[in-house]
Every structure is written in C-alpha cells, then in structure tokens.
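Visitor: Could you take me on a close look at a single helix and what surrounds it? I would like one connected account, please.

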Amino acid sequence: MSLRELLVPITDAEPTPEVRRFLRDAERRIDRFQSAAQVPAFVPCDYATAYTVLRALTDNALTRGPRFCEWGCGFGVVVDLAAMLEFDACGIEIEGTLVDEARRLAEDYDLPVEFVHGSFVPPGAEDRVHKAGTYSWLTTEGDQAYEELDLDIEDLDVIFAYPWPDEELVVYDLFEHYAGVGAVLATYHGSAEFRFRRKVSDQKKRPKRKRPRDR
Ligand SMILES: C[S@@+](CC[C@H](N)C(=O)[O-])C[C@H]1O[C@@H](n2cnc3c(N)ncnc32)[C@H](O)[C@@H]1O
C-alpha cells in the first residue's frame, strides 16, 4: 500500500453567511481560550480555507464515503464544518479542556458530531510512533478513542490533521499503515497550505511481453 498525492481543485468560493457567522464566533471563543488557558500544543488552522477544501472534496466526489475524523481536533471547528457539509464527523483530542470547548461549540450550533478525549494513535502503534522520532507535543496515552467511537481507522473515509512539523511524517505513516484503501488524508501546513494524499493499493507490475525481435 502507498500514498498517492491527490489534486483537489479548490475554488475561492466564499463560505455561506451562516458559516462565516459560525467561524467568527469560533474564532472569538478561541481567542478568549488562548488568552486564559495554557495549551501550547493547540494552534488553529485556517478555517475558512478548510471549509473550501472540504467543499471541494465533496463537490468533486473525491471521497469514497462520508466518515470524517479530525486527528487532534482542538476546538473541533473543522469537525463542525465537515458536519455542515453532510460528513458524518468526529474528532479526537488529547487535551480535556479542548474537548469540553469543542463539545460546547458544537452543541450551541446543534451540530451532529462526536468528540472523544484521547489519542488518535491507535492501540499497538505506540512503538511505531516512538521509533519514528521525538515530538514536541505528540503523545500516545489515551488509546481508547476508537473504541469509544466504535470504529476503526480503516472505516474512515477522510482524516484531517494539522500536525506540528515534527509530526508530519508519523501522521503520514500512521495513515498509510492503518487507513483503508481509498481513504483520503488532508493535512494543513501553515499559511494557506493544504496537502492531500489517497491510500492506494500497489498493483503488481505485469511482466512486459517480449517483442518478437527480442526473442
Ligand atoms: C496544531 S493543533 C491543531 C488543532 C486543530 N486541528 C485545529 O486546526 O484547530 C494540534 C492538536 O493536536 C492535539 N494532539 C496532540 N497529540 C495528540 C494525540 N496523540 N491525540 C489527539 N490529539 C492530539 C493537540 O492537543 C492540539 O490540539
């Protein structure tokens, strides 16, 4: 199995007024949270662009299904945006205070999403993660998240993550190892940069037939 880069035609279509209102409120809450609390691992991504990215994935039928999960979801804003676009959306976050905030925000907008307090690193992958490097923020405790969500990584059609630079390779590795064939990984890398990978099965190369003059 391997990952293939996926081209997603992103337009600069503006989010709807309802989405813009939601994002203004979410950003206000995040500002308040960040000035009062100390969760240095949490940095919000570019939510307006995240919305256009998710829209491009659905408008262009680039996903194999509707199951969406955000790995390290913070305030759950991208999960909420995914739900607004009819994804069946959930998020996993290791910081309990952020899970509380994510649940509050989604409840206030009556969004059908699920947030779990735990690690997106699945049970049994801890050694794999620690062998792959050292990380400023990535932790591997709390590996009951998928059990609580009652799903396996293999079931997910789209995974979104905003990894810290030292986590990028291990996020790709976990996705490549555990996701199902056809699933899409969307990642944010600062500024307005999003990248997309699809997990594909490696076709065995057929042996070339000999041309008559080679025989
Ligand atoms: C750079 S922030 C991105 C937050 C969110 N994706 C957003 O864009 O608003 C990374 C998040 O991952 C969380 N995190 C780190 N390790 C984690 C793990 N093993 N499982 C779940 N969340 C984790 C951090 O607490 C932090 O909230």
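Guide: Happy to. Keep in mind that this is a predicted model. Helix α7 spans residues 168–178, and its buried residues are Val170, Val171, Leu174, Phe175 and Tyr178. They all sit on the same side of α7, because they cover an arc of only 140 degrees around the axis. The general rule behind such a pattern is that an α-helix has 3.6 residues a turn, so residues three or four places apart point the same way.

What lies over that side? The cover of the buried residues of α7 includes the helix α5 (126–132) and the strands β2 (67–71), β5 (158–161), β6 (184–188) and β7 (194–200).

Those strands lead us to the sheet. It is an open sheet of 7 strands in the order β1-β7-β6-β5-β2-β3-β4, and its pairing is mixed. At the edges stand β1 (2–5) and β4 (114–117), each with a single partner strand, so one side of each has no neighbour in the sheet. On average, neighbouring strands here are turned by 25 degrees against each other, direction ignored.

β2 and β5 pair in the parallel sense over 4 bridges, and phenylalanine 68 stands opposite valine 158 in β5.

Helix α2 (residues 47–59) lies across β5, β6 and β7 and runs at about 160 degrees to β6. Helix α4 (residues 96–108), in turn, lies across β3 and β4, at about 170 degrees to β4.

Conventions. Residues are numbered from 1 along each chain as its sequence is written. This is a predicted model: local features need pLDDT of at least 70, side-chain atom pairs count only at pLDDT 80 or more; totals for chains, interfaces and linings use all residues. A residue is buried if 20 or more other C-beta atoms lie within 10 Å of its own, exposed if 12 or fewer, and partly exposed in between; C-beta atoms are placed from the backbone. Helices (H or I, at least four residues) and strands (E, at least two) are DSSP runs, numbered from the N terminus. The arc is that of the directions from the helix axis to the C-beta atoms. Two residues are in contact if their C-beta atoms, placed from the backbone, lie within 7 Å. Two strands pair if DSSP finds at least two bridges between them. Axes are lines fitted to C-alpha atoms, for helices over the stretch in contact, and angles run from 0 to 180 degrees between N-to-C directions.
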